[in-house]
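Please read this report with the sequence and the 3D view side by side. Each section takes up one topic and can be checked by eye.

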Amino acid sequence: MRRNLFLLLAASGFLALAACGQATPPDGDIALPADDRAATISETPANSTAYGKRARARVFGSDGERIGDVVAWQGRDGVLVQLDVRDLPPGSHGVHFHSVGDCDDLDIFKASGAHIGAAYGHHGLLHPEGPHRGNLPNINVGADGSAIVEFHSNLISVAELHDADGAALIIHQTRDDHQTQPIGGSDGRIACAPFRGRS
């Protein structure tokens with residue numbers, strides 16, 4: 001009887017360890033990588049929400065200079081976004097996912113199109129009929145012009161950032177009030193990070 005109890009406890013411990021192992025992202029630590037971070041996605045996902053897949057992009061200011069990086073990790077119930085930027089005006093800024101991975105029209109970044117999902121829902125995390133899929137929280141930039149932030153969105157997937165025409169993370173001039181249509185009163189586009197689409 002004791003031996004059977006020991007075997008049962010050992011098996012339970014093994015299953016618990018196996019379950020814990022599955023909770024760790026396959027690529028390990030989720031800190032921003034230190035290497036050159038061109039916009040890319042890790043291995044082609046087996047499905048549209050493959051756990052642990054990531055998309056990475058460089059963030060460009062209105063003068064075309066690289067001012068940071070963004071990484072989007074696919075979790076079980078959404079995407080974890082990590083943003084590390086510098087050389088921005090201090091204060092609160094709206095951040096959204098836009099529908100096209102094009103940041104080539106410097107100073108205006110209109111080539112990135114509208115917010116992802118704007119045609120199918122209202123803008124704003126606080127809108128009673130929103131939000132659409134491109135909505136994200138504001139970021140707060142410090143007096144030194146830098147911000148390192150992390151937030152989660154269950155509205156989008158990494159695969160959507162790499163659809164046929166890609167996507168872009170846009171940082172706006174002022175804060176998003178999360179209610180006003182169509183962009184929460186967040187004004188012009190001052191930084192852009194292109195996630196390139198699949199050819």
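The sections below cover the model, the cores, the strand pairs, the disulfide and some backbone details.

## About the model

This is a predicted model: local features need pLDDT of at least 70, side-chain atom pairs count only at pLDDT 80 or more, and totals for chains, interfaces and linings use all residues. Residues are numbered from 1 along each chain as its sequence is written, and side-chain values use heavy atoms, with hydrogens and water left out.

## Nonpolar cores

A nonpolar core is a set of buried Ala, Val, Leu, Ile, Met, Phe, Trp, Tyr and Cys residues joined through side-chain atoms within 4.5 Å. Buried means under 20% relative accessible area, exposed means over 50%, and partly exposed lies in between (1.4 Å probe, protein chains only). The largest nonpolar core has 29 residues, and the members that touch the most others are Val-70, Phe-97, Leu-161, Leu-169 and Ile-171. A second, separate core has five residues, including Phe-109, Ala-168, Ile-170 and Cys-192.

What is Leu-169 in contact with, beyond its neighbours within four places in sequence? Its contacts (heavy atoms within 4.5 Å) include Val-70, Val-81, Leu-83, Phe-97, Leu-136 and Phe-195. Ala-191, Cys-192 and Ala-193 are also among them.

Helices (H or I, at least four residues) and strands (E, at least two) are DSSP runs, numbered from the N terminus. Two strands pair if DSSP finds at least two bridges between them. Strand 2 covers residues 54-61, and six of its eight residues are buried. Strand 2 pairs with strand 3 (residues 66-75) in the antiparallel sense, over seven bridges. Within this pairing, Ala-57 has Val-70 of strand 3 as its bridge partner. The hairpin of the two strands has four residues between them, and Gly-64 there takes a positive phi near 90°.

Strand 2 also runs antiparallel to strand 10 (residues 189-195), joined by two bridges. Here Gly-61 is bridged to Ala-191 of strand 10.

## The disulfide

A disulfide is a pair of cysteine sulfur atoms within 2.5 Å, and by this rule the count comes to one. The bond joins Cys-103 to Cys-192, with an S to S distance of 1.8 Å. Cys-103 lies in the loop between strand 6 (95-98) and strand 7 (139-141) and Cys-192 in strand 10, so the pair ties together parts that are 89 residues apart in sequence. Both cysteines are buried. The torsion about the S-S bond of Cys-103 and Cys-192 is about -65°, so the disulfide is left-handed.

Most residues other than glycine have a negative phi, and most peptide bonds are trans. Which residues does a cis peptide bond join? They are Gln-181 and Pro-182, with omega about 0°. Pro-182 lies in the loop between strand 9 and strand 10.

His-178 is placed in the loop between strand 9 and strand 10 and has a positive phi near 65°. Asp-187, also not a glycine, has a positive phi of about 60° and lies in the loop between strand 9 and strand 10. His-178 is buried at 10% relative accessible area, whereas Asp-187 is partly exposed at 42%.

## His-162

His-162 is found in the loop between helix 2 (158-161) and strand 9 (167-172). Is His-162 buried or exposed? Its relative accessibility is 7%, so His-162 counts as buried. His-162 and Gly-101 are 61 residues apart in sequence, and their C-alpha atoms are 8.4 Å apart in space.
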